[in-house]
Amino acid sequence: MKLNKLLVFACLALAVATMVRCGGVGDDKVNDKSTAAASGPGDVKKGQQLAAQYCRSCHQLPDPSLLDKVTWRKQVLPVMGLYLGIKYQVPDSILYLQSDNLAYLPQASVIDSVAWQHIINYYVSKAPEHLPVPKRPAPIKELPFFKIIPAPAEWVSTRALTSYVKIDESVNPHRLIVCDGMTNKVIVLNDKITTVNSSTMSGAIVDMVFQKDNISATTLGNDLWANNAKKGSVKEISIDKSGKVAIQEKLIIDKLGRPVSTTIVDLNLDNIPDYLVGQFGKMTGRLSWFEQQGSNIKEHILRDKPGCVKAIVDNKNTSRAPNIWALFAQGDEGLFKYINDGKGNFTEKRVISFPPSYGSTYFDLVDFNGDGLQDIIYTCGDNGDYSQIPKPYHGIYIYLNTGDEKFVNKYFYPMDGCYKAIVRDFDKDGKLDIAAISQFPGGTDRKEAFIYLKGRGALDFQAFTLPTNTPLTNAMTIDAGDIDGDGKTDLLVGNGFVDPVKGNKQPLFIVLKNIN
């Protein structure tokens, strides 16, 4: 894939929700003669020790085996050097892409050139020539459980970027809401998948909270691409019976750094709703809750770091105030729990850590084995970063809760570029199924844009995918719900397709109608 196309897809992913990273493509081969000449076993060992000292200060220490030699030397290490104040020998292309970030990085080197070369030698010498190809448990079959319904013709084009989709069951008949991240349109469709109305907003909507009288909408701001601006907001909107969207006068929170999710909940038990907001940001970001104090609103910061992908409020396992679970990407990747003392004071606990190359994208709390404990489904696969290569560890993970909130990975399904996974019993056979999407699917047939894992019990799944002629190559977002009120759970999948050169067209979204 050519560089310009890679960057387009990287920016698409960065724009909507998560991994604010861009990079270039390195050479096909790395000349390791200079590395070999400059390093012996002692130098490599020294590089390993220095990596543990310097790299671990920002994130989990990455193992050289996570990436191949080319990717380490030509793409990742030059950018990582900038985080240590090292700007020499950095390609102009990388400096250009990082120009908006340099003000947030050290202006002087915090490590000398010899030590930095030791780190380079360690990673390049220990990295494999190529990453292994993952082995899937069984062949992928063609999906028989859903009927594919593309978007109406007016929403088919050479550019498709959904920032949010929702099967809205809060009204009868049910309706679909699709947010176009390129045009900032909010599109409302009825339960027959027919367009009712569309409205242009001031920015791309990435999340909605449906309340009795209104909807709280989270917007990134007027600039989709990765940036350090604070132009995001949470504001009230309403959708009338004609499908027209109206913006209410009330602006709840503004000047947010690329927020991606909002939850409304009473966190300090004062009977006044609070707003839990995850700001992915870019170089800066945070997870905060905003307390309403009369006409004012006060921010309480839970984690002052960028990369918050999703937060879940959990009050199932406590008789006191609700706790918070949050997934962070952007370097220091991990799943965190914030334990509430009942007065809005929280204690942070790191539950699981992930390497920075994982590209964390989604998680949810689900009891997979029926023991009454909440387990974790986790996906990783953002590949719009400095290492745009298929990675065998991208995919779907299930971590079982062994008690005392200790989690053990018991299932993994490899899926290049995995972006989200929804767990439901879609076929009502008493076993949980998984519907997953990918924004960066591997291969040329793009079958990994959507994968359906039919549960067969005891964490055993059969994999299915869409027919090869399905107009979906890069899925951005997905929602599950009953579209037409027949009691079956359907799927709404948002596309992330761009092909202005060849002129190929795809729909903004597709519906997967449950016919099981």
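Visitor: What span does helix H6 reach from its first C-alpha to its last, and what span is expected at 1.5 Å a residue?
Guide: In this predicted model, H6 covers residues 113-126, which is 14 residues. Its end-to-end C-alpha distance is 20 Å, close to the 20 Å expected.

Visitor: Which residues of H6 are buried?
Guide: Among them are Ala-115, Trp-116, His-118, Ile-119 and Ile-120. Asn-121, Tyr-122, Tyr-123 and Val-124 also belong to the buried set.

Visitor: Why is Thr-71 called buried?
Guide: Its relative accessibility is 1%, and buried means under 20%. Thr-71 therefore counts as buried. Thr-71 sits in helix H4, residues 69-82. Apart from neighbours within four places in sequence, Thr-71 is in contact with Val-76, Tyr-386, Ser-387 and Ile-389.

Visitor: What makes Arg-286 and Glu-299 a salt bridge?
Guide: Their closest N and O atoms are 3.2 Å apart, and the limit is 4 Å. Arg-286 lies in strand E14 (residues 286-293) and Glu-299 in strand E15 (residues 296-303), so the bridge ties together parts 13 residues apart in sequence.

Visitor: Are these two partners buried or partly exposed, and how do you know that?
Guide: Arg-286 has 23% relative accessibility and Glu-299 has 31%.

Visitor: What distance separates the closest N and O atoms of Glu-405 and Lys-337?
Guide: They are 2.1 Å apart, and the pair forms a salt bridge. Glu-405 is in the loop between strands E22 (395-401) and E23 (407-414), and Lys-337 is in strand E18 (residues 333-340), 68 residues apart.

Visitor: Why is Lys-337 called buried, and why is Glu-405 called partly exposed?
Guide: Lys-337 is at 6%, and the limit for buried is under 20%; Lys-337 is therefore buried. Glu-405 has a relative accessible area of 24%, so Glu-405 is partly exposed.

Methods. Residues numbered from 1 in each chain as written. Predicted model: local features only at pLDDT ≥ 70, side-chain atom pairs only at ≥ 80, totals over all residues. Heavy atoms only, no water. Helix = DSSP H or I, 4+ residues; strand = E, 2+ residues; numbered from the N terminus. Buried < 20%, exposed > 50% of the residue type's maximum accessible area, 1.4 Å probe, protein only. Contact = heavy atoms within 4.5 Å. Expected span 1.5 Å × (residues − 1). Salt bridge = Lys/Arg side-chain N within 4 Å of Asp/Glu carboxyl O.
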